[in-house]
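Subject: Structure for you to look at

Hello,

Here is the structure I promised to pass on. Please open it and keep it beside you as you read.

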Amino acid sequence: MGSDGKRKKRGRKSKTQTTLDPTTSTINDEVFSVNNVEIVNSATPTSANHLENRRGRPKKRLRRSPEKTPPLINGEIGVGTPVEGVARVVPAMDAVVKVFCVHTEPNFSLPWQRKRQYSSSSSGFVIGGRRVLTNAHSVEHYTQVKLKKRGSDTKYLATVLAIGTECDIALLTVNDDEFWEGVSPVEFGELPSLQDAVTVVGYPIGGDTISVTSGVVSRIEILSYVHGSTELLGLQIDAAINSGNSGGPAFNDKGECVGIAFQSLKHEDAENIGYVIPTPVIKHFIQDFEKKGAYTGFPFLGIEWQKMENPDLRVAMGMKPDQKGVRIRRVDPTALESEVLQPSDIILSFDGVDIANDGTVPFRHGERIGFSYLISQKYTGDNAAIKVLRNSKTLEFVIKLSTHRRLIPSHVKGKPPSYYIIAGDMCQCVTECLNPELIEMDFHLISMAKEYEFEAPVKLLDKLLHSMPKSPDEQIVVVSQVLVADINIGYEELVNTQVLAFNGKPVKNLKSLANMVESCDDEFLKFDLEYDQIVVLRMKTAKEATVDILTTHCIPSAISDDLKP
């Protein structure tokens, strides 16, 4: 959280395009950001010889003494300052590639079609098995992906093997054998320590050739992954990460890859704060894909918990002086662990590791980290031992871990949005993509918005943050908009309003609503909405009007393909 006390914000790609040629406009890949961040739109000069265009007396330029010039290694200058007379190993920069992607995003306002395509460029690097790693947001909603090697003038068509939304990693390959000639895969190193030197290599904005920036590891902790709306282990570094750097490798002084650049912090009180996906997360993604043939995700406990730092609270919960842990506030009823865990249980340990009252566990020497790190190290379907305190009694359970399903999903994962139209009332299930303003999660902006009910519905925001699904197939269905016609006079202002029931029957999900309407024999169609609003339509007139509305708006069908019987 920033010094001004604002909540974290999860960024998203800017839709700004160059106007030189609207059909082939090129945008550098935006670096996603956290904590009151803005999308990076321009490169930050990092070269020591770069002269800024500003007034005032120029700064003195330091001269490098001849005897300290890094020696040549394999024909290239060693990266970084030599330590004890030994230069750092040059990273395998020939393995770093430029990624060109053409994106075609879904159109959630007009879900029967897609938005206009646009282009982006980012970075990637070659790993073993004739594969390439990059960021998931670099190839999100891809139509075509191409790769270009360093010093080459050829772009090779790539195939997307897997996209890890939660960890913001994507795995690619190229079928053309020529692409792999003369390229050595990058080797992975261990998780670095604080103050270890890192070198970020990629193709950021500001030029077409490869770029190298250096820094050190300044922090290791659980970070908010903007693209995936998740929290996983991450590295904070002080090397510049700009648009286009996304997907590029971060090397240690041995030339080993220790992470993938993926987002940066842009704030008036912060400078040169970049974030890197560390090797434990990368290896988890790769091994998950290799074991199961597809990416299955990171497991999460379907619970919400509370710190137990208050001594009176610990006594009231029956904890002994030597016991530590966190209190379960709520349990997701659709999660497997709901069969054994209960609200007000105190989680004492996970897989044999004791949990502190602030929810942290030991992490290397002199460091602590959130206990969710232990969960993220497991794989979907793995078992874990959990010890809890319930009514002053210690209980032990073995639970099967699974991915956590949110009531409002963060991504559609390449699927077209579902919709159902009846008499101009367009019904959709809520996702963060459908209501992008929900992603911002800034209560101050919401309260200040003049028409917040159209921009960020507070009730939907509350469900995004706190609601849990009651059943595996539950969805929040809303009337996203009304296509104006004579039959729906008086309903035109309905926007993002939840549908609670149809003809007295609760609406479980969008498909159940469509089935109930299509099979209805009653004279009237009655929709119960939130805030005690109702929409009533005569069935015969509504179905006739639907045909006319579809023709007027050139809509191919009143129902999306995934909802058809």
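Below is what I found in it.

First, a caution. This is a predicted model. The mean pLDDT of the protein is 82. Of its residues, 79% reach 70 or more. Two stretches need care. Residues 1–86 have pLDDT below 50. The model still gives this stretch 171 contacts beyond near neighbours in sequence. Residues 437–454 also stay under 50. For them the model has 37 contacts beyond four places in sequence. Where pLDDT is low, the predicted coordinates should not be read in detail.

Next, the overall build. The protein has 565 residues, and 51% of them are buried. It contains nine helices and 31 strands. Take the contacts between residues at least 6 apart in sequence: 63% of these join residues at least 24 apart. The accessible surface is about 28,400 Å². Carbon and sulfur atoms account for 49% of that surface.

Now the inside. In soluble globular proteins, nonpolar side chains tend to be buried together. Here the largest nonpolar core has 86 residues. Strand β15, residues 257–267, gives the most to this core, with six residues. Which residues have the most contacts inside the core? They are Leu133, Leu147, Ile169, Phe179, Leu233, Val281 and Phe285.

Beyond four places in sequence, Val281 is in contact with Cys167, Ile169, Tyr225, Leu232, Leu233 and Phe298.

There is also a second, separate core of 27 residues. Tyr491, Leu525, Leu529 and Leu537 are among them.

Best wishes

Key
Residues numbered from 1 in each chain as written. Predicted model: local features only at pLDDT ≥ 70, side-chain atom pairs only at ≥ 80, totals over all residues. Heavy atoms only, no water. pLDDT = per-residue confidence, 0-100. Contact = heavy atoms within 4.5 Å. Helix = DSSP H or I, 4+ residues; strand = E, 2+ residues; numbered from the N terminus. Buried < 20%, exposed > 50% of the residue type's maximum accessible area, 1.4 Å probe, protein only. Areas by Shrake-Rupley, 256 points an atom, 1.4 Å probe, with all protein chains shown as cover. Core = buried A, V, L, I, M, F, W, Y, C linked by side-chain atoms within 4.5 Å.
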